[in-house]
Amino acid sequence: MIRTVPTTPIDGQKPGTSGLRKKVPVYQQPHYVENFVQSIFDTLEGFAGKTLIVGGDGRFYNREVVQKILKMAAAAGFGRIKVGQGGLMSTPAVSAVIRKYGAFGGIVLSASHNPGGPDGDFGIKYNIGNGGPAPEKITDAIFARTKTIGEYKIADVPDVDIDQLGEAKIGDTVVEVVDPVADYAELMQKLFDFDALRTLFKSGFTMRFDAMSAITGPYAKRIIEGLLGAAPGTVVNDTPLPDFGGHHPDPNPVNAHDLYELMMGPNAPDFGAASDGDGDRNLIIGRGIFVTPSDSLAILAAHADLAPGYAKGIAGIARSMPTSLAADQVAKAMGIKIYETPTGWKFFGNLLDAGLATICGEESAGTGSNHIREKDGVWAVLLWLTLLAKRRQPVIHIVREHWAKYGRNYYSRHDYEAVPTEAANGVMEAIRSQISSLPGQSFGKLKVHSADDFAYHDPVDGSDSKNQGLRILFEGGSRAVFRLSGTGTEGATLRVYLERYEPDTAHQDIETQAALVDVIAVARKISGIVEKTGMAEPTVVT
Ligand code: VG1
Ligand code: CO
């Protein structure tokens, strides 16, 4: 019943920042999925008879790949596979379910914030037993295996019915179709005071949650409208669609423009939020104010102890290097440690496992905590609601008060998308070649304090990750950071992260791009980005 299929290595199956992401037609090539999945299993040891969790964000090709994985995981010898009904499960829910049932690991099918559909993106990511993305040691080994693979094993059985809850068998392996929301909702009720949040909504508090036709719809609907009693219609675009209804499921003010317009207009509810394709990102927006993810991280860290799950306080905060220094101010005031890691949630896993950090975040709209090992969009919304339930003040008031206390870190990311790889490398090389001579140099009002090619030494397992982004730090707390994206599927994406620190409340109300104008000019000058890419302006500014 198990078929062994000969195959040959396929080029380019190198996992990036978060799994292997490619265009759907690439994934649809013969053996493409099978080669990668078998390479994952070949890299792992000791899973015979153990449990594997499988779920995806419902994007195009999700159902087909789920069937392949069920048959291959059974052939590989897993004892039980828990798969979300319809093949659906958000990234944070997969992490929660792995942890709750002590599973060996999980496979998440998603390209997260990248668009879906027949010409969109697809992705496969392996998560380990702590619930988090596999660390580089494992993803490197998987990639190495894709280069030597000669065969894969698959059970020769009809497709499993993944739409009905319940158990079926493939050989000796039990395939259990589970409710993708239940375990996650249970965990949220342990972390947050649902009575207090219900009281908030009962008092007339209004909200819009835009699920962008992606995976968080069922979660937000059941938790926010169902358990918390928010008015029906609070959650919009709540049905996961294979092409996300044409939405680009990256929750930033540009892509979530309907929500943004609503929140800036006269009919804005008290609070707005959105999530991405696979449910691990969050956008937080108040009436008349977009909260940058970096500020959101700092504000949530400062108030986490309002939620029962963090009542004892937090041990430390971790942020990715390009994320603004706002959280550092909070950590300093709280007398706890701040950790600066490379981009990607996998670098937080060890810090969380070791109890060094409790709250983590990234500038790309990712916030989370030690409750799981992924960032978690709905969790961030519930923590914001906790804060709003306690304070009963508008979001804008809370944010302004935070700036007054800690200073404001003006922050923006400029993305240059679909740049020819050579041009993008040229920009990085140009900066790298100057980097050691930059300290001490002045550019207009800005004087370079230090500059380096960011490298991370993991304090827990001692591993080193090099070349994680070029950063230029100016005196007074401004920064410019440059990196190449590791999640794109078309050419290269150059990310330029820009920041300025402003402690004076009299200067905390400037429009963001205007506030950053000097840093933007220096970043362009040093990188030569306009000349080298031929792009006068970035493709996306968030
Ligand atoms: C981007 C973000 C990074 C995030 C990653 C995965 O990576 O910058 O902060 O962890 O996406 O998020 P990159 O390499 O393109 O800059 V998700 O929600 O796409 O899993
Ligand atoms: Co995501």
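Q: In which strand of this predicted model is the place of T4?
A: The model is a predicted one. Within it, T4 belongs to the strand that spans residues 2–6. That element is strand 1.

Q: With which residues is T4 in contact, leaving aside its neighbours within four places in sequence?
A: Contact here requires C-beta atoms within 7 Å. With the neighbours within four places in sequence left aside, the partners of T4 are E151 and K153.

Q: What angle do helix 2 and helix 5 make where they pack, and is it oblique or roughly perpendicular?
A: Helix 2 covers residues 32–43 and helix 5 covers residues 136–146, and their axes lie 8 Å apart. The angle between them is about 125°. Roughly perpendicular covers 65 to 115 degrees and roughly antiparallel begins over 145, so helix 2 is oblique to helix 5.

Q: How do the residues in the contact of helix 2 with helix 5 divide into nonpolar, polar and charged?
A: The crossing of these two helices, helix 2 and helix 5, is right-handed. Helix 2 contributes N35, F36, S39, I40, D42 and T43, and helix 5 contributes I138, A141, I142, R145 and T146. The division is five nonpolar, four polar and two charged.

Q: Which residue of strand 18 is the bridge partner of I359?
A: Strand 17 (residues 359–362) and strand 18 run antiparallel and are joined by four bridges. For I359, the bridge partner in strand 18 is S369.

Q: How do the residues in the contact of helix 6 with helix 8 divide by type?
A: Helix 6 (residues 182–191) and helix 8 (residues 216–227) pack at about 45° with axes 10 Å apart, which makes helix 6 oblique to helix 8. The contact involves Y184, A185 and M188 from helix 6, together with Y219, R222, I223 and L227 from helix 8. The division is six nonpolar, no polar and one charged.

Q: Which residue of strand 12 does M207 stand opposite?
A: The sheet with the order 11-10-12-13-14 is open and has mixed pairing. In it, strand 10 (residues 207–210) and strand 12 (residues 271–275) pair in the parallel sense over four bridges. The residue opposite M207 is F271.

Q: Which residue takes a positive phi in the hairpin of strand 8 and strand 9?
A: Strand 8 (residues 166–170) and strand 9 (residues 173–178) run antiparallel and are joined by five bridges, and A168 has V175 as its bridge partner. Two residues lie between the strands. The residue with a phi near 60° is G171.

Q: How far apart in space are F205 and R392, C-alpha to C-alpha?
A: F205 is in the loop between helix 7 (194–202) and strand 10, while R392 is in the loop between helix 13 (377–391) and helix 14 (395–406). The two residues, F205 and R392, are 187 residues apart in sequence. Their C-alpha separation is 9.3 Å.

Q: What phi does R392 have, although it is not a glycine?
A: Most residues other than glycine have a negative phi. R392, which is exposed with 9 other C-beta atoms within 10 Å, has a positive phi instead. The value is about 55°.

Q: What phi does H31 have, although it is not a glycine?
A: H31 is placed in the loop between helix 1 (24–27) and helix 2. H31 is partly exposed, because 16 other C-beta atoms lie within 10 Å. Its phi is positive, at about 70°.

How values were computed. Residues are numbered from 1 along each chain as its sequence is written. Chains are lettered from A and ligands numbered from 1 in the order in which they are written. This is a predicted model: local features need pLDDT of at least 70, side-chain atom pairs count only at pLDDT 80 or more; totals for chains, interfaces and linings use all residues. Two residues are in contact if their C-beta atoms, placed from the backbone, lie within 7 Å. Axes are lines fitted to C-alpha atoms, for helices over the stretch in contact, and angles run from 0 to 180 degrees between N-to-C directions. Angles under 35 degrees count as roughly parallel, over 145 as roughly antiparallel, 65 to 115 as roughly perpendicular and the rest as oblique. A crossing is left-handed if the near helix is turned anticlockwise from the far one by less than a right angle, and right-handed if clockwise. Ala, Val, Leu, Ile, Met, Phe, Trp, Tyr, Cys and Pro count as nonpolar, Asp, Glu, Lys and Arg as charged, and the others, Gly among them, as polar. Two strands pair if DSSP finds at least two bridges between them. A residue is buried if 20 or more other C-beta atoms lie within 10 Å of its own, exposed if 12 or fewer, and partly exposed in between; C-beta atoms are placed from the backbone.
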